[in-house]
Amino acid sequence: MSEATGTARVKRGMAEMLKGGTIMDVVNVEQAKIAEDAGACAVMALERVPADIRAQGGVARMSDPDMIQKIQAAVSIPVMAKVRIGHFVEAQILETLNVDYIDESEVLTPADYTNHIDKWGFKIPFVCGATNLGEALRRINEGAAMIRSKGEAGTGDVSNAMMHMRTIGAEIRRLTSMREDELYVAAKELQAPYALVKEVAETGKLPVVLFTAGGIATPADAALMMQMGADGVFIGSGIFKSGNPAQRAAACVKATTFFNDAKVLAEVSRGLGEAMVGINVADIPVPHRLAERGW
Amino acid sequence: MKVGVLALQGDFREHIKAATECGHLAIEVRRASELSEIDALILPGGESTTIIHLAQSFDLYEPIKEVIAKGLPVYGSCAGMILLADRIVGGIAGQKTFGGLDITVRRNAFGRQVDSFESDLEFNGASLHAVFIRAPWVEEVGKSVQVLSTAGEHAVAVREGNLLATSFHPELTHDLAVHRYFFDEICKGR
């Protein structure tokens, strides 16, 4: 039996298994267990949720390996962790910890304002953020095995994630309606490799799973993103910055599955207590918006 | 034949595509009422803890146990194998399964994602390219369970009566051999 590990197929296949699921940010073992018990399909282990990173300011970095390993030991579902954009040594460190997915994330302070990590060299798969199709295809070209929207993290304001999902969807639909000889210019305009542009034009979808992330705080937000064509949902600060995390977590899991059933959505939205306090994206000066990070 | 694919979480769309390519009508199942319409059921890959949680929350748990007991043909891949197993090792506290297959399955037995692999193996006498993602293996089999594939020393495809389970994901490859075996050998005559 000849075995191959770390192939594009097993990296992308891992994301296929997360589809229809909710991935939750957790900062300790207790939260990780609450997330698992509520039906999260994976957790993102980090030291501070985006709302706190935003509030406290300073440089945000990869989490302490101790903290990540404690969470890995506590839950049986996949554990993801974040590295700074372009910080390939943080990624090397996370690889030795055997995390299940690495998020090269704009939520942390970028380490490189020009280049992202060359993700092909790693056995661990990567998820990367994208605000539009060109950005998504550049990340896939660098080896990302999963893409997520890049809604403004830590705000509880879903409008940016919505804009990214609409933009990516619209740009894909536009490609599918183009003549084959127009795809060369389309690739130039998207600043993305022609081969990937052609593949998207033929299949009408990204070659990897597309989740949504950033600003999702309620079951209705999760369902909105699913109806917009997301394969699944990341919820960052929305769960554990709310009044009743266990109940809200379970409600968001249910809403992600029954996203097309308004009666279920009404039922799970009842009595959740206080949602996280939100920040309007419009009130954040452009230089402080995390979605602007990534190139 | 009308094939239901449990669509609570995971890669149910890939199983629907495979069943459709085999010439069957495939539908997503999220409600107990939909179980009465189908001739066979597929439990997809995904997170077994998530799927069982949703099945219990939406009153699907007992109805699925019942249709399995009544002899509905069911195929489970990866998480689906865990859900069909009578006994599991490495689950979360109190993790239930639908059961029916007289096997003990170890969750994430091959390791974490870094250990996920693809490999050629034998299935029902022919070579098959199989994709394993944080995959379980079968640790013990009951007397009436037939082992259809092994990887190393571990059973990774098993059948007992109308129930079929694989540790790997044929729905992620273009090879329809496992799905055809399920439809042609197990569901035949329905």
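Student: At about what angle does α1(A) run to β8(B)?

Tutor: The model is predicted, so local features need pLDDT of at least 70 and side-chain atom pairs count only at pLDDT 80 or more, whereas totals for chains, interfaces and linings use all residues. Residues are numbered from 1 along each chain as its sequence is written, chains are lettered from A and ligands numbered from 1 in the order in which they are written, and side-chain values use heavy atoms, with hydrogens and water left out. Helices (H or I, at least four residues) and strands (E, at least two) are DSSP runs, numbered from the N terminus; axes are lines fitted to C-alpha atoms, for helices over the stretch in contact, and angles run from 0 to 180 degrees between N-to-C directions. Helix α1(A) lies across β7 and β8 of chain B, and its angle to β8(B) is about 60°.

Student: Which strand of chain B is joined to β1(A), and by how many bridges?

Tutor: Two strands pair if DSSP finds at least two bridges between them. In β7(B), A:Ala4 has B:Glu118 as its bridge partner, and A:Thr5 stands opposite B:Phe117. The two strands run antiparallel, and the partner of β1(A) is β7 (residues 117–123) of chain B, with 3 bridges.

Student: Which strands stand at the edges of the open sheet of 3 strands that contains β1(A)?

Tutor: The order is β1(A)-β7(B)-β8(B), with antiparallel pairing. Each edge strand has a single partner, so one side of each is left without a neighbour in the sheet; these strands are β1 of chain A and β8 (126–132) of chain B.

Student: What area is buried between chain A and chain B?

Tutor: Counting heavy atoms within 4.5 Å as contact, 42 residues of chain A touch 42 residues of chain B. Buried area is the accessible area (1.4 Å probe) that two parts lose on being put together, summed over both. Carbon and sulfur atoms give 57% of the buried area, which is about 3300 Å².

Student: Which element gives the largest share of the side of chain A that touches chain B?

Tutor: A salt bridge is a side-chain nitrogen of Lys or Arg within 4 Å of a carboxyl oxygen of Asp or Glu, and 6 of them are counted between chain A and chain B. One joins the side chains of A:Asp261 and B:Arg31 at 2.9 Å, N to O. On the chain A side, β1 (3–5), α1 (8–18), α2 (29–38) and α12 (245–257) each supply at least two residues. The largest share, 8 residues, comes from α1(A).

Student: Which strands stand at the edges of the open sheet of 8 strands in chain A?

Tutor: This sheet has the order β8-β7-β6-β5-β4-β3-β2-β9, with parallel pairing. Each edge strand has a single partner strand, so one side of each lacks a neighbour in the sheet; the edges are β8 (209–211) and β9 (233–235) of chain A.

Student: In β4(A), which residue is the bridge partner of A:Val43?

Tutor: Strands β3 (residues 42–45) and β4 (residues 79–84) of chain A pair in the parallel sense over 3 bridges. The partner of A:Val43 in β4(A) is A:Val79.

Student: How many residues apart in sequence are the parts tied together by A:Glu142 and A:Lys119?

Tutor: These residues form a salt bridge whose closest N and O atoms are 2.8 Å apart. A:Glu142 lies in the loop between α6 (133–141) and β7 (146–149) of chain A, and A:Lys119 in the loop between β5 (101–105) and β6 (126–130) of chain A, so the separation of the parts joined is 23 residues.
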